[in-house]
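Visitor: I would like to learn how to read a few features of a protein model. Where do we start?

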Amino acid sequence: MNDMCAPSSPAVAGMAARLALVPGVRAVALGGSRARGTHRPDSDWDLGIYYRGGLDVAGLTALASAFQGGPVEVAGPGGWGPWVDGGAWLTVDGVAVDWILRDLDRVESVWSDCRNGRFEVGVQPGHPLGFWSPCYAGEVALGRVLADPSQELTGLQKEMRRYPEPLRRSLAEAAWEAEFSVAAARKSAPAGDTLHVALCLSRAFGILAQSLHAHHRTWCLNEKGALAAAAALPSTPADFAERAAAALRGLDTAAVETAADVVREVRAVLERP
């Protein structure tokens, strides 16, 4: 496994092939920054393990321990919360490798919702602004399939690379909540309720990032890097990320009004064809 740091790692491909033999596993895909080519040398390797029905967690645990050369705890379906099914954190030859479980039946159900303009935002540890269900489709669309004996994930990926127009409209329209959140923060700022103001403004900017990505038919997977990614999209208001960061540092009345200006400008962008 000494080639783990290679840009396209045969070691990771071999790991994926062995994972695909575990009962219940249907496909394995590389995700995160390494799949998108935006990784740093020290970036983790994120492997999405797509399964159906009963999953052999004991088999996964034995395999993980063999790869790491020591005991590894594998969280089975639901072990990490309602949306991030479970998985494991491994260290292989000094390199972090994350296994993330994905229920393929649920991914397909979410994809059906996306095509009909429906989405959910669920509470999930590790996602302070909530887990946005279209992330499932985005992960598949932007990932690199490493093992897929039945070609199920490969087929889905071909579909998911075309952003659904109903979802684009729904997520763009969701920006109304950003305005609502700023209005709530406006009531709390004079009292110095920084927790409530911080939560409201964070929520507002997170929604705007999702809406801007959707407007440009681009998948937004989570909060990490979302402001910078949204700022780089065409027609995003000037200094979007900088003004958002300033508002989140200030958390006072002036910060709320800065956020209100950003929301107003973004919503004007979203109204354009």
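Guide: Start with cysteines. A disulfide is a covalent bond between the sulfur atoms of two cysteines. Here, a pair counts as a disulfide when the sulfur atoms are within 2.5 Å. Keep in mind that this is a predicted model.

Visitor: How many disulfides does the structure hold?

Guide: The structure holds 0 disulfides.

Visitor: Is Cys 114 buried or exposed? And Cys 135, buried or exposed?

Guide: Cys 114 has a relative accessible area of 0% and is buried. Cys 135 also counts as buried, at 4% relative accessibility.

Visitor: How do I read a pair of helices?

Guide: Two packed helices are described by the angle between their axes and the distance between the axes. Take helix H5 (residues 135-142) and helix H6 (residues 152-160): the axes come within 8 Å and cross at roughly 105°. H5 and H6 are therefore roughly perpendicular to each other.

Visitor: Which residues of H5 and H6 meet?

Guide: From H5, Ala 137, Val 140 and Ala 141 meet Leu 153, Leu 156, Gln 157 and Met 160 of H6. By class, this contact has 6 nonpolar residues, 1 polar and no charged ones.

Visitor: And the protein as a whole?

Guide: The protein has 12 helices and 7 strands. Of its 273 residues, 49% count as buried.

Conventions:
Residues are numbered from 1 along each chain as its sequence is written. This is a predicted model: local features need pLDDT of at least 70, side-chain atom pairs count only at pLDDT 80 or more; totals for chains, interfaces and linings use all residues. Side-chain values use heavy atoms; hydrogens and water are left out. Axes are lines fitted to C-alpha atoms, for helices over the stretch in contact, and angles run from 0 to 180 degrees between N-to-C directions. Helices (H or I, at least four residues) and strands (E, at least two) are DSSP runs, numbered from the N terminus. Angles under 35 degrees count as roughly parallel, over 145 as roughly antiparallel, 65 to 115 as roughly perpendicular and the rest as oblique. Contact means heavy atoms within 4.5 Å. Ala, Val, Leu, Ile, Met, Phe, Trp, Tyr, Cys and Pro count as nonpolar, Asp, Glu, Lys and Arg as charged, and the others, Gly among them, as polar. Buried means under 20% relative accessible area, exposed over 50%, partly exposed in between (1.4 Å probe, protein chains only).
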